[in-house]
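Let's take a walk through this protein together. Have the sequence and the 3D view side by side as you read.

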Amino acid sequence: MRRASSRLILLRHGQSEWNGASGFGPARFTGWVDVALTPSGEAEAAAAGALLRSQAPPMAVDAAFTSELRRAAKTAELCLPGAAVARDARLNERHYGALQGVRKDDPGLLATPLAHSTQTKKPLTASELEKIRRSMREAPPAMSASHPHYDAKAPPTESLADCQRRVLACFDERVAPAVRGGRTVLVAAHANTLRALIAALDGVPDALVPKIFVPNAVPCVPQEKAAATLTSP
């Protein structure tokens with residue numbers, strides 16, 4: 001059993017260039033692709049920090065953790081100007097396998113086999129794609145070495161459960177000790193890494209995990225009861 005206090009703030013990065021922002025093209029499956037924030041995303045991150053400081057009393061952050069991806073790291077930097085922010089690759093977004101870089105509205109996505117994959121020989125169905133995107137256990141088709149975003153140091157694909165294991169390892173090692181020590185801690189990360197952490201904090205059953213939604217740049221403070229006890233899934 002691992003204990004944490006309610007002084008834990010979760011923050012998804014601001015709008016990124018692949019979130020479907022006007023002027024930046026259609027939304028794409030991003031995963032570990034290191035895209036930047038848009039100007040609107042930068043403003044959202046700064047506004048999140050202003051919101052924390054506007055509370056009574058102000059929510060002063062003592063320690064901050066973020067991923068190795070610049071959209072999350074920049075969000076932490078703009079939210080907490082001048083603060084030291086520790087980066088950890090275990091907080092990176094879930095790896096989307098061969099889907100990384102693919103447009104979410106691509107009409108060929110459900111019509112032709114996925115390119116640069118080691119697995120799929122037939123098109124994904126709408127049901128399969130929805131399970132890949134929202135469920136706990138379904139992983140995207142694995143990325144092959146021919147993929148334009150292939151990285152030998154990255155996993156070839158991840159389910160949300162795979163992502164959750166590394167997020168919890170980071171939480172145990174770095175985040176929870178800081179919170180237990182009485183510090184207010186910010187974790188600036190990604191939709192799926194935070195969904196995975198929230199699922200663990202709240203003990204969300206797999207069947208309800210698809211209902212977890214984390215908006216861009218809105219600080220989330222877990223309920224005291226949920227944050228008080230964290231057990232491995």
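The UniProt annotation "active site", from an unreviewed entry, covers His-13 and Glu-93; UniProt positions are given in the numbering used here, feature names are shortened, and annotations may be inferred rather than shown by experiment. Although these residues are spread over 81 residues of sequence, they cluster in space, with a largest C-alpha distance of 10.5 Å. The lining of the largest pocket includes both His-13 and Glu-93 (on a 1 Å grid over the protein atoms alone, a pocket is an open set of points with protein on both sides within 12 Å along at least five of seven lines, and lining residues have an atom within 4 Å of a point). His-13 sits in the loop between β2 (8-12) and α1; helices (H or I, at least four residues) and strands (E, at least two) are DSSP runs, numbered from the N terminus.

A word on the model: it is predicted, local features need pLDDT of at least 70, side-chain atom pairs count only at pLDDT 80 or more, and totals for chains, interfaces and linings use all residues. Residues are numbered from 1 along each chain as its sequence is written, and side-chain values use heavy atoms, with hydrogens and water left out.

Now follow α1 onward. The axes of α1 (residues 39-53) and α2 (residues 70-79) come within 7 Å and cross at roughly 45 degrees (axes are lines fitted to C-alpha atoms, for helices over the stretch in contact, and angles run from 0 to 180 degrees between N-to-C directions). That makes α1 oblique to α2.

Finally, turn to α4 (residues 160-180) and α5 (residues 191-202), whose axes come within 9 Å and cross at roughly 75 degrees. These two helices, α4 and α5, are therefore roughly perpendicular to each other; angles under 35 degrees count as roughly parallel, over 145 as roughly antiparallel, 65 to 115 as roughly perpendicular and the rest as oblique.

Definitions and conventions: On a 1 Å grid over the protein atoms alone, a cavity is a set of points where a 1.4 Å probe fits but cannot get out, and a pocket is an open set with protein on both sides within 12 Å along at least five of seven lines; lining residues have an atom within 4 Å of a point.
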